Amino acid sequence: MENRIREARPHVTRNEDVIFERSSPGKSGVDLPPLDVPAASPEQVLGAEFLRGDVEGFPEVSELEVIRHFTRLSTWNYGVDTGLYPLGSCTMKYNPRINETVARLEGLATDHPYSPESLVQGCLRVLHETAQCLKEITGMDAVSLQPAAGAQGELTGILMIRAYLADRGNPRQYILVPDSAHGTNPASVTTSGYEVRDIKSNADGCVDMAELGRAMSEEVAGLMLTNPNTLGIFESQIREITELVHARGGLVYMDGANMNALMGVARPAAFGVDVMHLNLHKTFSTPHGGGGPGSGPVAVKKILEPFLPLPVVERAEDGTYRLNYDRPKSIGRVRAFYGNFGMVVRALAYILANGPEGLRQATEDAVLNANYLRSQLKDVYDLPYDKPCMHECVFSDRRQAAPPRGVRTMDIAKRLIDYGFHPYTTAFPLIVPGAMMIEPTESAGKAELDQFIQALRSIAQEIEEDPQFVLHAPHTTRLTRLDEVSAARKPILRWKP
Ligand SMILES: Cc1ncc(COP(=O)(O)O)c(C=O)c1O
């Protein structure tokens with residue numbers, strides 16, 4: 001046990017007071033010379049209507065205290081710029097700084113969405129070219145960049161399927177969703193007015209063809225398939241799957257959020273997908289912190305193009321760009337303006353900076369990294385689907401949870417914090433009890449992966465020797481186990497004396 005790491009990082013103190021607690025009367029961050037003009041009253045400066053009598057208790061602190069307090073707090077945050085962030089399914093890849101530089105260029109950063117088309121030709125060109133690139137990468141015929149997240153892309157795509165079937169006088173009731181799908185898939189299906197029908201996976205973690213055959217009927221609008229699925233497994237029978245669905249008049253929606261495992265290698269249009277979304281943050285390196293701002297473009301085959309949300313960016317024969325609102329079959333607007341434009345700029349910067357070879361390399365590195373982890377850890381952690389994976393691999397806590405140890409995926413994840421790593425995704429996907437879902441992304445180098453592997457191997461050893469120690473991790477943080485349900489449902493966001 002001498003090797004146990006007890007400090008993840010050197011904090012000056014783990015009991016940093018909040019800034020209000022550091023306050024003492026009369027302290028000030030500035031020391032101004034005496035006024036040589038008459039003092040203006042707050043009413044004169046702000047206007048009486050903006051003055052509130054009830055605001056008091058501002059912290060009184062020195063400049064140095066302010067600087068040290070907030071700088072220290074900033075070092076307590078774990079981010080993709082600090083270290084490996086192996087959250088499976090969330091794809092926390094490095095955001096190259098060139099993206100940020102480009103997104104801050106004057107014109108791209110400052111144009112107003114209500115500007116006339118003639119004055120924002122450059123911005124419209126960025127939208128148009130990004131859509132062209134995504135068409136090339138997916139093989140699809142048309143793209144909308146509007147949805148503000150992957151889940152909204154899903155909703156948009158399913159609404160387009162509904163509009164298409166209604167237009168053909170063939171409305172249907174159900175959408176099939178495999179049990180290895182991302183959790184947002186059934187939610188999007190239900191929100192768009194369809195009912196979900198679950199499809200069980202087979203022993204290989206793929207869609208069970210016999211079960212799909214039984215479920216696919218004239219009442220089924222289509223199949224919503226995450227590919228690679230949340231087990232990190234590519235649906236090897238994807239052609240047979242899409243053919244079966246099409247043969248019975250249904251459409252295939254592919255959740256393409258995991259396109260970072262296919263980009264530059266396989267194009268979903270080629271294996272029969274009719275509509276899909278992409279997550280710019282998961283595949284094209286746009287920021288993913290704090291839940292947004294997201295972007296979930298939707299790509300479709302020709303048959304669905306008339307139903308794309310409004311407006312559509314078009315290039316006229318004279319080379320100018322325009323926004324087309326005159327599309328009678330469109331499902332309408334799904335978001336204000338034209339989507340999260342800043343994210344689109346960053347994604348285009350990433351695509352162009354990498355070029356076709358670079359994008360393919362990113363995919364290959366992501367898949368190689370995940371398989372390296374898989375092969376280096378499978379002798380200590382249970383691997384329920386023991387076959388090559390794509391961009392992520394899913395272990396389970398089966399061995400560590402077995403009596404007498406009783407250590408679960410969440411405990412192992414908490415102990416990883418002591419080793420200075422962000423935890424992996426726990427307890428998802430749901431079809432793997434005690435799931436430990438790891439996605440290293442292409443950003444990680446071998447040295448970092450080896451440290452992570454070493455940490456997880458060392459934790460497995462600790463569990464053998466002293467499970468109680470791991471059950472009470474983390475040991476190096478200011479607080480150990482939080483009541484996570486209360487923290488999520490009843491957050492206390494305001495300090496009160
Ligand atoms: C496979 C998959 N589908 C859908 C989503 C939903 O995307 P978003 O969180 O942008 O709504 C995610 C999120 O990471 C995902 O991993």
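Helix α5 provides the largest share of the shell around the ligand, namely three residues. Helices are DSSP runs of H or I with at least four residues, numbered from the N terminus. The structure is a predicted model, in which local features need pLDDT of at least 70 and side-chain atom pairs count only at pLDDT 80 or more, whereas totals for chains, interfaces and linings use all residues. Residues are numbered from 1 along each chain as its sequence is written, and side-chain values use heavy atoms, with hydrogens and water left out.

In total, 14 residues surround the ligand (a heavy atom within 4 Å); S89, G150, A151, D255 and K282 are the closest. At least two shell residues are supplied by each of α5 (150-167) and α9 (280-283). By class, the shell comprises three nonpolar, eight polar and three charged residues, where Ala, Val, Leu, Ile, Met, Phe, Trp, Tyr, Cys and Pro count as nonpolar, Asp, Glu, Lys and Arg as charged, and the others, Gly among them, as polar.

An oxygen atom of the ligand lies 2.6 Å from a polar side-chain atom of K282. A backbone N or O atom of A151 is 2.8 Å from a ligand oxygen atom, and an N or O atom in the side chain of H182 is 3.5 Å from a ligand nitrogen atom.

Helix α9 also contains T283. The T283 side chain reaches the backbone nitrogen of N260 at 3.2 Å. Beyond neighbours within four places in sequence, T283 is in contact (heavy atoms within 4.5 Å) with K93, A257, M259, N260, M263 and Y350.

Conventions. Polar contact = N/O pair within 3.5 Å; in protein donor to acceptor, adjacent residues only side chain to side chain.
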